[in-house]
Amino acid sequence: MTRKYLLLILISTVSYTSFGSMYHADTLISKANEAYNQGLYDSAIATYSLVLDQNLESYQLYYNIGNAYFKKNDLASAILFYEKAKKIAHNDEDVLFNLNIANSMIVDKIEKVPELFYKKWWNYFYDMFSENMWTVFSVVSWIILLLFIGIFSIAKTRKIKKLSFYLGLLFLFTSIATFGLSSQKYYYTKEHKEAIIFTPTITAKSSPTQSAVDLFVIHEGTKVRIMDKVQGWVKIKILNGSIGWLPAESLERI
Amino acid sequence: MFSQLIKADEEIRFTGVGKQLVKVGERFRVVYEVNADGKNFTSPNFGKLQVLSGPNTSTSSSVQYVNGKMTQSYSRTYTFIIQATQEGDVTISPATVKVDGQKYTSNSVKVKVVKASGAQQGNTKPSGQTSSSNGVLQDDDVYIKSYLSNKNPYLGEQIIITYKIFTKVPVTNLTMQKSPSYPGFWSKNLMEDNNKFKQSTKIIDGEEYIVADIAKYALFPQKSGGLTIESVEMECNVQLRMQSNKRRSNDPFENFFNDPFFNRNVKNIKTTLSSKPIKINVKQLPQQGKPDSFNGAVGEFSFRSIIDNKILSTNDALTLDVKISGKGNIELVTAPEVRFPSDFETYEPKIKSNIKSKYSGVSGSKSFEYLAIPRASGEFKIAPVEFSYFNPKDKKYHSFSSGELIVTVEKGSQTSSGITYSSSAQEDIRFIGQDIHHIKTGSFDLKETGIFLFASSLYYMLVVLPVILLILFVFMWKKQEKRRSNVGLMKTRKATKIARARLQKAEKLKKTDNENAFYDEIAQALWGYIADKFNIPGANLSVDTVREALQKKNVKADVIDSFVNTLNNIDFARFAPGDSGGKMDNLYEEAINAIMQAEKELRQ
């Protein structure tokens, strides 16, 4: 009985969405899509933004806004919204394709530092599912682990004890891994650790003052990772590993 | 000579004409004309007016035949150039002339001399020194004026600028110093072909000017806003007659040679004339109603497109001829876009233009020949070719469209007759352009922002609750199990004891020869042992369940057999009378043996 009940709770969490003002949002979206198809990109963006104003989001919505900005030739905004879409849906083909095109049109071409193999594997899993999905997985594997612990503790025969012990060990590892993934994803999503440069040209400084030494120049549309922030300045890291300080208003968080 | 030709009925007229209103210092002409060969002209009395030159005599004659009838005209004019020196009314007395010995008198000419305005007063030269006769050129003797057809045109609209020369004096060698450049305009010379100037005479302020168009340009403004048409400069030689008035003696010869007719004392003065710069304001083309195909054509145009072959076979050439003709900036018209299907091999259009620059402006036609070769068969649609222009007259855009062209391409003979099918006909997919993927439609998985399952209260509940449930479950299970196993354990431990007690009781009964009680007791000892040992309720006891229970515990088969045999023997002995003492001894031994062996086996 208890097991069945738990399963029900889990299923309900998967479809854990808010249905408030959904209908209104749908009509707005179809209106905006129409405007986009007619080439009225400004009004399409304005209408999509009305949906965002209702505190609703979806990767398709971000993707469409990104497309509208792209058509307006506003590459930085387009990349920002594609990245927002990618944050929710990592493996959507359209999002990745368009982001790739937009990235190929910006000024900066930064070589990515090669990653260590285990980090690559980790990121492979990391990109596979969204924060919610990983959380669900970690909860499910946690419950399965507890089940095996239960079976182990009440088992009479050696065989069952042995089997449940090894299976429990396996699920201990999976629940640790999925917990790690979901917590990382949660902090990454919540903290907005990545940002897009919105100033056409900006010089990264060695310290958070205007008089500091100029380190390197980056341009509009480049993605950076935010490491730290002080009064009006943020410490950023670009893909090739270089670190510098930028004025906070020169970038927009994803 | 001419007088003899004059018919008797021809009336002799002798008239004098002069300007009626002049200003002080102004020079003007007084002309006397007689329509016959006049002689002995006597100059009139000019009073207060000063004669600068004259009388200058000129004659003209013409003979005309109209319908066989001959008409003649003859005229002789005597021209005086007069300068007014004083204000007031002056009546020039009649002049006389003799024709065929007869004396004719002209009318008197009235001239009113008024005060000159300030500006002109400054221009006045001291009396007796006129510039033209003195070899000094006056500003109004010769000048250039420019005329613009429209000072407020649209961007790209054709405007025509005409430069006219106004001259009172003979002018030669008129050359443009530099061909005019028009920054901000695209220009076209309209007088390239005809170098002859169109001449006319015009009276301005009572003075006769020769007017000629010297240059004409069509201008097309290329940017909007305020633009300046720069001045043009022209160089020319002006011929001025000289009068040596230093020695105005009474020498008759001198006077004779001073007569303008003989006056060969002509001075050539090189002078530069320039027109005034003109400021114009170029209007932006209206945004409203601007068609997509608009390419900057302004004027009045017509459009025609002809496709030579609507049904053709593959690898045959197809020509689409687009012709645009009309008035306006036709030279700037670019080739309209023709989108052939991608299976067509296309080439740059061949452009032929026939543009004429006439007096009235630039017009002509431009034709674009598009050549395409279909490489695949099928029915193809060529998107409509569109052309649009702005007509500044009605301030509207006009568009033309060729309409959708449908071309049927049949399989060419080359491919159909080919027997070998090679894979070389296959081609890679050609990417014609790159664009982002289209927007997503359909239902969006909208979800409220900032809501996460991780670290939410639901999440904590889902993590903690199963642990509590598990602990509770395991605890309950253990407790229950303990309770159940306790009863069983007691019974098992007691089983041997009870069996032993029963057997001791059976031994006593054997000695008292209580046969039935003995059998009961010994059977109870064996059955009860099994029931207690394996927790089997009494009702379920049978030979089979005993065998089964012992087999489950891996008891040896011969031990089970002897146990079951003992049970059977007890039952059998009970109902079989005979030597009771020996049977009871045997059975007793057998039962003890069975229980001991079973106990031995079960302990292992």
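Is Val559(B) exposed, partly exposed or buried, and how many other C-beta atoms lie within 10 Å? In this predicted model, Val559(B) is partly exposed, because 18 other C-beta atoms lie within 10 Å and a buried residue needs 20 or more. Val559(B) is part of helix H8 of chain B, which covers residues 557-575. Setting aside neighbours within four places in sequence, Val559(B) is in contact with Gln597(B), Ala598(B) and Glu601(B). Ile595(B) is 36 residues from Val559(B) along the chain, and the two C-alpha atoms are separated by 9.4 Å.

Ser60(B) sits in strand S5 of chain B, residues 50-66. Ser60(B) counts as exposed, because 9 C-beta neighbours lie inside 10 Å and the exposed class takes 12 or fewer. Between Ser60(B) and Tyr74(B) there are 14 positions in sequence, and the C-alpha to C-alpha distance is 5.8 Å.

**The two chains**

Chain A has 254 residues, of which 33% count as buried. Its secondary structure consists of nine helices and eight strands. Of the contacts in chain A with a separation of 6 or more, 57% are between residues 24 or more positions apart.

Chain B has 604 residues, and 24% of them count as buried. Its secondary structure consists of nine helices and 31 strands. Of the contacts in chain B between residues at least 6 apart in sequence, 74% join residues at least 24 apart.

**Nonpolar cores**

The largest nonpolar core holds 48 residues, and the members that touch the most others are Tyr217(B), Leu219(B), Ile324(B) and Val338(B). Strand S16 of chain B, residues 207-221, supplies the largest share of this core, with five residues. The core lies between domain 2 (142-281) and domain 3 (293-414) of chain B, because both domains give residues to it. Apart from residues up to four places away in sequence, Val338(B) touches Leu320(B), Tyr370(B), Ile382(B) and Val385(B).

**Contacts between the chains**

Where the chains meet, 27 residues of chain B are in contact with 42 residues of chain A. On the side of chain B that touches chain A, the elements giving two or more residues are strand S31 (447-448) and helix H5 (457-511) of chain B. H5(B) gives the most to that side, with 11 residues. By class, the side of chain B that touches chain A is made up of 19 nonpolar, four polar and four charged residues.

**Strand pairing**

The table sets out this pairing between chains together with pairings inside each chain.

| Strand | Partner strand | Sense | Bridges |
|---|---|---|---|
| S2(A), residues 194-197 | S5(A), residues 223-230 | antiparallel | three |
| S2(A) | S8(A), residues 251-253 | antiparallel | three |
| S8(B), residues 96-99 | S9(B), residues 102-105 | antiparallel | four |

In chain A, S2(A) is joined to S5(A) and also pairs with S8(A). On the S5(A) side, Ala195(A) has Val224(A) as its bridge partner. On the S8(A) side, Ile196(A) stands opposite Glu252(A).

In chain B, S8(B) and S9(B) form a hairpin with two residues between the strands. The bridge partner of Lys98(B) in S9(B) is Lys103(B). Within the hairpin, Asp100(B) takes a positive phi near 50°.

**Helix H6 of chain B**

Which span does helix H6 (residues 515-534) of chain B reach from its first C-alpha to its last? The 20 residues of H6(B) reach 29 Å, close to the 28 Å expected at 1.5 Å a residue. Just after H6(B) comes Asn535(B), with a positive phi of about 55°.

Methods:
Residues numbered from 1 in each chain as written. Chains lettered and ligands numbered in written order. Predicted model: local features only at pLDDT ≥ 70, side-chain atom pairs only at ≥ 80, totals over all residues. Core = buried A, V, L, I, M, F, W, Y, C linked by C-beta atoms within 7 Å. Domains from an automatic or database assignment. Contact = placed C-beta atoms within 7 Å. Nonpolar A, V, L, I, M, F, W, Y, C, P; charged D, E, K, R; others polar. Expected span 1.5 Å × (residues − 1). Pairing = 2+ DSSP bridges.
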